Amino acid sequence: MISSTTCVHNGFDFDPVTGSITAPIFTSATFRHPALGVSTGFDYTRAINPTRSVLEEAIAQLEGAKHGLAFASGMGAISTVIKLFNPGDHLIVGEDLYGGTYRLFNGYYERYGLEFSWVDTSNLALVEAAIKPNTKAIFLETPSNPMMKITDIAQAAQIIHDRNGLLIVDNTFLTPYLQNPMEHGADIVVHSASKYLCGHNDAIAGLVAHSNDSFAKTLRDAQMSEGASLSPFDSFLVLRGIKTLALRMKKHEENGRALAEWLRTHKKVERVFYADGKHAPHNQSRGGNGMVSFYLKDAADAPKILERVKMILFAESLGGVESLITYPLVQTHGAIPEAIRISSGVTDRLLRLSCGIEDAADIIADLDNALKD
Ligand SMILES: Cc1ncc(COP(=O)(O)O)c(C=O)c1O
């Protein structure tokens with residue numbers, strides 16, 4: 001269980017030289033060597049940087065992992081993790097996940113000989129059925145995005161571990177405050193830290209946490225070789241965001257629940273999807289977030305709502321202090337082929353709201369106004 005205290009004090013207490021209580025932003029691109037063959041531990045910022053190292057330590061601690069890595073985006077983090085696999089390897093991937101991940105796997109890594117099967121991982125019988133002799137990993141989001149389906153992490157881990165493969169969980173939606181996938185058997189956790197971890201819609205960042213010494217060097221080398229490592233300034237922003245993670249997640253959850261409840265009573269809304277955390281198997285999550293998806297009865301209402309909202313912003317992304325509304329069909333999930341999109345439920349009647357930390361009454365009032373006849 002991650003406490004508020006862990007979030008505030010995680011990774012850095014104070015700088016022993018100056019007494020600074022926040023991690024200094026080391027902007028230096030390179031670091032002087034005291035002598036030939038002697039290093040301070042830092043040489044070149046693409047490979048290692050003191051500010052980024054504090055964040056890497058922080059995410060490792062928050063996820064209960066031995067190793068942490070920080071990247072210039074969530075996609076950079078995911079792309080680097082995929083470097084663990086070889087041409088001919090097969091991965092089972094949740095069909096209801098961020099469209100950019102689909103685009104990366106299907107549009108790029110397939111060309112390099114990796115094979116992907118898109119499966120509703122909340123149905124473990126389908127996961128079992130998708131296993132092939134060359135299956136090396138399962139990659140999933142839980143809750144899924146945007147349909148909020150829950151996958152039993154422990155059982156998914158069991159299925160893939162029986163084949164000596166890896167379970168990779170994108171934990172962006174719940175953050176380590178609400179869910180630690182490695183406690184339930186996941187081998188690697190990835191995050192778009194651009195969302196709740198940074199929390200202020202002012203940085204793009206990605207994180208990886210794992211405890212596997214055998215591939216730690218491969219991932220570190222891939223980070224350095226590809227160069228998608230996180231800048232010192234953005235490392236600082238994510239560290240700052242993490243300090244208030246617990247407080248913010250409580251407010252996001254309060255608003256998410258209030259909005260889901262209100263939408264369920266609205267005459268223009270057919271169905272609401274909110275993962276409240278209570279029904280997750282094996283207590284794998286400790287609560288809900290601020291993410292609410294809903295089907296309108298009439299698709300014609302979707303563009304009207306997007307135009308009419310005032311405080312809620314019509315913008316792609318999630319997890320920040322400002323409430324955002326998204327039309328997954330053309331935004332976050334636009335890269336997913338129609339057949340997969342429809343099978344996962346992303347239709348022209350679906351809207352996704354990321355409740356910020358404003359007052360719930362104001363979010364509801366804005367949406368109420370946007371939903372008027
Ligand atoms: C669940 C999830 N994973 C990964 C990503 C990609 O992260 P980034 O935008 O930081 O590259 C996103 C972006 O929306 C996301 O929602």
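I began with Lys-217, which is exposed at 58% relative accessibility. For burial I used these classes: buried is under 20% relative accessible area, exposed is over 50%, and partly exposed lies in between (1.4 Å probe, protein chains only).

The model is predicted, so I noted its limits: local features need pLDDT of at least 70, side-chain atom pairs count only at pLDDT 80 or more, and totals for chains, interfaces and linings use all residues. Residues are numbered from 1 along each chain as its sequence is written, and side-chain values use heavy atoms, with hydrogens and water left out.

I looked up the partner of Lys-217 and found Asp-221, in a salt bridge of 2.6 Å, N to O. My rule for a salt bridge is a side-chain nitrogen of Lys or Arg within 4 Å of a carboxyl oxygen of Asp or Glu. Asp-221 is partly exposed, with a relative accessible area of 29%.

**Around Asp-373**

Next I checked Asp-373. Its side chain forms a salt bridge with Lys-267 (3.6 Å, N to O). This pair links distant parts of the chain, 106 residues apart: Asp-373 lies in the segment after α13 (360-370), and Lys-267 in the loop between α10 (245-264) and β8 (269-273). Both residues are exposed.

Lys-268 also meets Asp-373 in a salt bridge, at 2.8 Å, N to O. Lys-268 counts as buried, at 13% relative accessibility. Asp-373 is exposed, with a relative accessible area of 75%. I logged Lys-267, Lys-268 and Asp-373 as a network of salt bridges.

**Asp-120**

Last, I turned to Asp-120, in the loop between β3 (115-119) and α5 (124-130). Asp-120 is buried, with 18% relative accessible area. Its side chain makes a polar contact of 2.6 Å with that of Ser-122. Another polar contact, 3.1 Å, joins the side chains of Asp-120 and Lys-149. A polar contact is a pair of N or O atoms within 3.5 Å; within protein, one must be able to donate a hydrogen and the other to accept it, and residues adjacent in sequence count only if both atoms are side-chain atoms.

Setting aside neighbours within four places in sequence, I found Asp-120 in contact with Glu-95, Leu-126, Val-127 and Lys-149. Contact means heavy atoms within 4.5 Å.

Technical notes. Helix = DSSP H or I, 4+ residues; strand = E, 2+ residues; numbered from the N terminus.
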